[in-house]
Amino acid sequence: MKDPVASLLPLSPAALHILTAVAGEERHGYGIMQEVFRQSEGRYKLGPGTLYDNIEKLIARGLIREVARRAADDDPRRRYYQLTSFGRRVLAAEVARLGSVLRQAKMSLATSEPGKIS
Amino acid sequence: MTRFFYRFLIWMHPRAFRERFGDEMLCAFDEASGASAAPFLIDGLVSVARQWMLRSGLWRFSIGAAATALVIVGYAHSEANWQRKQLNAQELLEARNAHPLDKAEFNREAAQAVAMLARYRAADKKKSDSSRGTSAARGPANQSSNQN
């Protein structure tokens, strides 16, 4: 039987950013958009359409879940999302995979000479 | 005006998605009101297309349409090639008819072939006649030997 964590890898860039954004604390949609913008140092701007399409998929796969609103004076339209324990395992596996790719890339760059074809 | 248009885009989404996330999308739009509206509108348009494609099974239709288009293009290409070959054959025929020298050469070669065939037939007839004459001469001798 296939590992349920491995079957979800690799994650799409949007899914990876969203999981990372909600890994620290629960966030609402616009909060996730802002966090993704901050994480990527302004390089990746997630629109609401893309965000909620991914949120729907991540909820269906059990990686995130909706939690109750925190404050009574909060905008009633806001919904908050947090990472599930399964989502945390998937995110950890993806980070490990990306770390391995990064190590390989660094080694390849360190050993290769410019213009040399092996 | 842009908010109205964004609301319209949200309304264009499939009902299930709109009812689940429509308010949140508008909330995010309102909260980002200081930013440029263009990326939101583009994202909204892309989202409408994506949601309808995924939810209505339209992606299957799209794949089918793409495959059909490929088959049609392939057929048109092969048809064009065939017509080009037909044109080339027609040009060759016209070119051959335009040069009487070729006809004369053909006639000369045909006459040579006919003459060669006639020579072969004559040689063949001569050979068969000679073999018949030999067997006729040998016939009575064989009969007498059988009687003995």
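Residues are numbered from 1 along each chain as its sequence is written, while chains are lettered from A, and ligands numbered from 1, in the order in which they are written. Because the model is predicted, local features need pLDDT of at least 70 and side-chain atom pairs count only at pLDDT 80 or more, whereas totals for chains, interfaces and linings use all residues.

**View 1**
Chain A holds 4 helices and 3 strands, and from the N terminus on its elements follow the order α-β-α-α-β-β-α; helices (H or I, at least four residues) and strands (E, at least two) are DSSP runs, numbered from the N terminus. Chain B has 5 helices and 0 strands. Of the 118 residues of chain A, 28% count as buried, and in chain B buried residues make up 11% of the 148 residues; a residue is buried if 20 or more other C-beta atoms lie within 10 Å of its own, exposed if 12 or fewer, and partly exposed in between, with C-beta atoms placed from the backbone. Among contacts between residues at least 6 apart in sequence, 52% in chain A join residues at least 24 apart, and the corresponding value in chain B is 58%, two residues being in contact if their C-beta atoms, placed from the backbone, lie within 7 Å. Chain A averages a pLDDT of 90, with 92% of the residues scoring at least 70, where pLDDT is the predictor's confidence in each residue, from 0 to 100. Among the elements of chain A, the lowest mean pLDDT (93) belongs to helix α2(A), residues 29-39, and the highest (95) to α3(A).

Between β2(A) and β3(A) the antiparallel pairing extends over 4 bridges, and Ile64(A) stands opposite Leu83(A) in β3(A).

The buried residues of α2(A) are Gly29(A), Tyr30(A), Ile32(A), Met33(A), Glu35(A) and Val36(A), and what covers them includes α1, β1 and α3 of chain A together with α2 of chain B. After α2(A) comes Glu41(A), which is found in the loop between α2 and α3 of chain A. The phi of Glu41(A) is near 55°, a positive value in a residue other than glycine, and Glu41(A) is exposed, with 7 other C-beta atoms within 10 Å.

With 13 residues, α3(A) reaches 18 Å from its first C-alpha to its last, close to the 18 Å expected at 1.5 Å a residue; the expected span of a helix is 1.5 Å times one less than its number of residues. Buried residues in α3(A) include Leu51(A), Tyr52(A), Ile55(A) and Leu58(A), and their cover includes α2 and α3 of chain B. The contact between the chains takes 14 residues from chain A and 16 residues from chain B. On the side of chain A that touches chain B, α2 and α3 of chain A each supply at least two residues, and α3(A) gives the most, with 5 residues. Gly62(A), which follows α3(A), has a positive phi near 80°.

**View 1. Helix α3(B) and its buried side.**
Helix α3(B), residues 38-55, has 18 residues and reaches 26 Å from its first C-alpha to its last, close to the 26 Å expected. Its buried residues are Phe40(B), Asp43(B), Gly44(B), Ser47(B), Val48(B) and Gln51(B). They cover an arc of only 145° around the axis, which puts them on the same side of α3(B); the arc is that of the directions from the helix axis to the C-beta atoms. What covers these residues includes α3 (48-60) of chain A together with α1 (2-12) and α2 (15-31) of chain B.

**View 2. A cis peptide bond in chain A.**
The peptide bond from Leu9(A) to Pro10(A) is cis, with omega near -5°, and Pro10(A) lies in the segment before α1 of chain A.

Notes: Pairing = 2+ DSSP bridges.
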